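Hi,

Here is the structure I promised to pass on.

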Amino acid sequence: MSANTDAAELRELLGYVNNCWDEERRALSRQMHDSLGSSLTALTMHLGLLTSKLPQEPALLDRAAQMKNLLHNIIETNRGMQHKLWNDKLEFLGLRVALGELVAQFGAEHLMKAHCSLPDDEPACPRAHRVVLLRAAEEGLRNVATHARASKVDVIVDDMDDCIALVVKDDGIGLRPSTAADGDWQEHHGLRMIRERAIFLGGSLSLAANSNQGAMLTVTLPKPPVC
């Protein structure tokens, strides 16, 4: 068996494993929402009812307020974990909304100018493509926050007839020479995973120096033919 055949089989296996992983994360997120989330909401309602029936003693009311704050923190933590496991906005509101909110939240959290340029209409591409594009944006922004020392980041989606492309570019310190030469950037396991997922769908991932300053991550995925 040739090395090319081995690589192709491994890539196909990795694609299958990634798809299974996505489905598991999606199912777990949904279970947390339907079971744990509804139970926490019910507890909040019961606590509110009990608090209204308590004697108006400061110590009791203070303990009830602490319990309410604790429940609120648990609910917010649960929501955050759900979102990290699976972004439901991608399913119900589409790629444009999911990316727009991701970039806006990133800018607010990291005190950075973050701009998102999206097509006017929701891109017509398979669900697997949308998942990879969102994961690429998440990984690209994570690397900007960790390595770039940037003050500005742009996320751009270009929806063309035969393919769809996502670009994450920043104005940070740029790439090391070996990285710019498409060398040891593959040591970044998150980017390697996204790269393999893009190749599995017939696309590509590249990391290069931005024409002005900083770095530019580009993911391009071909659209399947319309039957």
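This is a predicted model: local features need pLDDT of at least 70, side-chain atom pairs count only at pLDDT 80 or more; totals for chains, interfaces and linings use all residues.

Who touches whom? On the α4 side, the residues in contact are Leu95, Ala98, Leu99, Leu102, Val103, Phe106 and His110. They meet Arg130, Leu133, Leu134, Ala137, Glu138, Leu141, Val144 and Ala145 of α5. Sorted by class, that contact comprises 12 nonpolar residues, 1 polar and 2 charged.

Now for the whole chain. The protein has 7 helices and 5 strands, and along the sequence they come in the order α-α-α-α-β-α-β-β-α-α-β-β. With a radius of gyration of 22 Å, against the 17 Å that the globule rule gives for 227 residues, the protein is well over that value and so more spread out than a compact globule. Along the principal axes, its C-alpha atoms fill a box of roughly 75 × 40 × 35 Å.

A few totals to finish. Buried residues make up 34% of the 227. Accessible surface comes to about 13,700 Å², with 57% of it belonging to carbon and sulfur atoms. As for contacts between residues at least 6 apart in sequence, 66% join residues at least 24 apart.

Cheers

Notes. Residues are numbered from 1 along each chain as its sequence is written. Side-chain values use heavy atoms; hydrogens and water are left out. Contact means heavy atoms within 4.5 Å. Helices (H or I, at least four residues) and strands (E, at least two) are DSSP runs, numbered from the N terminus. Ala, Val, Leu, Ile, Met, Phe, Trp, Tyr, Cys and Pro count as nonpolar, Asp, Glu, Lys and Arg as charged, and the others, Gly among them, as polar. The radius of gyration is taken over C-alpha atoms; the globule rule is 2.2 Å times the number of residues to the power 0.38. Buried means under 20% relative accessible area, exposed over 50%, partly exposed in between (1.4 Å probe, protein chains only). Accessible areas come from the Shrake-Rupley method with a 1.4 Å probe; for residues, only the protein chains shown count as cover.
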